[in-house]
Amino acid sequence: MRRVLITGVTGFAGSHLVDYLLTRNDCEIHGIWRWRSRTENIEHLKPSDMQLHECDLRDATSTFDTINKIKPDWIFHLAAQSFVPTSWVAPTESLTTNILAQVNIFEAVRRLGLKTRIQLACSSEEYGMVFPDEVPIKETNPLRPLSPYAVSKVAQDMLGYQYWMSWKVDSVRTRGFNHEGPRRGPVFVASDFAKQIADIEKGKKAPVLHVGNLEAKRDFTDVRDMVRAYVLALEKCEPGEVYNICRGRCWTIREVLDMLLAQTKAKIEVKQDPARLRPSDVQILLGDNSKFVKATGWEPVIPFEQTLRDMLEHWRSR
């Protein structure tokens with residue numbers, strides 16, 4: 001049995017990764033959580049499904065002791081401050097959380113002499129300012145980050161490369177494009193729309209749906225396809241290399257909104273909220289997944305329409 005450690009296990013992608021790994025029956029699953037972590041995303045799991053370890057990844061000693069105890073064969077490093085707007089309000093928090101946590105993991109693995117493979121959940125936000133003649137975006141595209149969050153992800157990405165070149169700490173860098181699905185936090189755009197619709201249907205809020213920039217274009221993949229890709233990354237990809245994980249098709253945020261509104265009978269007014277506009281927004285993120293597909297044979301199988309339907313049903317049921 002392979003020992004697998006998931007950081008950020010109580011989060012959106014982390015909880016879906018546990019669900020997927022449980023279907024394989026070839027892993028002993030360990031997860032890291034902090035005492036103040038919300039746990040609703042994993043409340044459907046049985047105690048026998050996974051061992052939870054309390055650890056603050058920003059603390060080097062706590063991280064070292066936890067990794068020494070588990071001695072994982074694989075680490076999926078998903079823990080992060082992952083909400084872009086928060087990084088403008090609290091840039092230091094985003095930078096220290098995302099960068100220090102990864103350094104502490106790498107240092108623990110290096111000092112313990114482990115042969116652990118690490119999947120780094122990097123981000124398409126690293127590409128930032130993308131020009132029209134640069135899409136679809138390849139891994140070789142320049143990185144022009146437009147938020148402190150994106151800068152923190154560039155640092156994580158480059159640390160993965162540097163630790164492989166300097167110390168042969170084995171990591172695969174995956175630049176995930178937007179991924180959505182049930183259990184997505186309500187601060188993220190598609191889930192936010194779905195929750196607003198569900199709240200309107202229940203009479204919990206007035207029939208007005210507040211939006212930000214509807215013209216941005218994003219490449220969306222279902223989270224259940226994304227976590228399957230994370231596993232393939234560690235099974236088949238080269239250490240120190242970087243791979244885009246995306247569908248290779250994008251939708252405007254307006255199209256996402258229209259698809260969700262088509263699934264409700266409620267009469268809803270759409271209203272732009274200036275507070276939801278970002279200081280600088282990435283206008284288009286359309287990825288080229290050919291490098292990852294060639295290495296792994298992966299392809300997304302869940303239609304985006306089903307992703308949105310499942311997300312809306314999740315909020316209706318809560």
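Predicted model: local features only at pLDDT ≥ 70, side-chain atom pairs only at ≥ 80, totals over all residues.
Reader: Why is the meeting of the Asp310 and Arg224 side chains called a salt bridge?
Author: The two side chains meet at 2.9 Å, N to O. Residues are numbered from 1 along each chain as its sequence is written, and side-chain values use heavy atoms, with hydrogens and water left out.

Reader: Thanks! What makes Asp310 count as buried, partly exposed or exposed?
Author: Its relative accessibility is 22%. Buried means under 20% relative accessible area, exposed over 50%, and partly exposed in between (1.4 Å probe, protein chains only), so Asp310 is partly exposed. Arg224, with 27%, is partly exposed too.

Reader: How many salt bridges are there in the structure?
Author: There are 26. One of them joins Arg183 and Asp19, at 2.6 Å from N to O. That pair also links distant parts of the chain: Arg183 is in the loop between β7 and α6 (189-201), Asp19 is in helix α1, and 164 residues separate them. Arg183 has a relative accessible area of 16% and is therefore buried, whereas Asp19, with 24%, is partly exposed.

Reader: What makes Asp199 and Lys195 a salt bridge, and where do they lie?
Author: Their side chains meet at 3.0 Å, N to O. Both belong to helix α6, 4 residues apart, about one turn of the helix. That spacing makes sense because an α-helix has 3.6 residues a turn, so residues three or four places apart point the same way. Asp199 is buried, with a relative accessible area of 12%, and Lys195 is partly exposed at 27%.

Reader: Why is Lys195 said to lie over the face of Trp315?
Author: Lys195 is at 5.7 Å from the ring centre. A charge sits over a ring if NZ of Lys or CZ of Arg is within 6 Å of the ring centre and within 35 degrees of the ring normal, so 5.7 Å meets the distance limit. Another case is Arg2, whose charged end sits over the ring of Trp74, 3.8 Å from its centre.

Reader: Moving to aromatics, why is the pair of Tyr243 and Phe292 called edge-to-face?
Author: The structure holds 8 aromatic pairs, and in this one the rings are 6.1 Å apart, centre to centre, with 70° between the planes. Rings of Phe, Tyr and Trp (its six-membered ring) pair if their centres lie within 6.5 Å; planes under 30 degrees apart count as stacked, over 60 as edge-to-face and the rest as tilted. At 6.1 Å and 70°, the rings therefore pair and are edge-to-face.

Reader: What does that pair tie together?
Author: Tyr243 lies in strand β11 (residues 242-245) and Phe292 in helix α9 (residues 290-296), so parts 49 residues apart in sequence are tied together. Here helices (H or I, at least four residues) and strands (E, at least two) are DSSP runs, numbered from the N terminus. Tyr243 is buried at 4% relative accessibility, and Phe292 is buried at 0%. Phe292 also forms an edge-to-face pair with Trp298, at 5.7 Å centre to centre and 65° between the planes.

Reader: One last topic, the sheet. Which strands form the open sheet, and in what order?
Author: The open sheet has 3 strands in the order β12-β9-β14, and the pairing is mixed. Its edge strands are β12 (250-252) and β14 (284-285), each pairing on one side only.

Reader: What makes β9 and β14 a pair?
Author: Two strands pair if DSSP finds at least two bridges between them. Strand β9 (residues 217-219) and β14 have 2 bridges, in the parallel sense, so they reach the limit. Within this pairing, Lys217 stands opposite Ile284 in β14.

Definitions and conventions. Salt bridge = Lys/Arg side-chain N within 4 Å of Asp/Glu carboxyl O.
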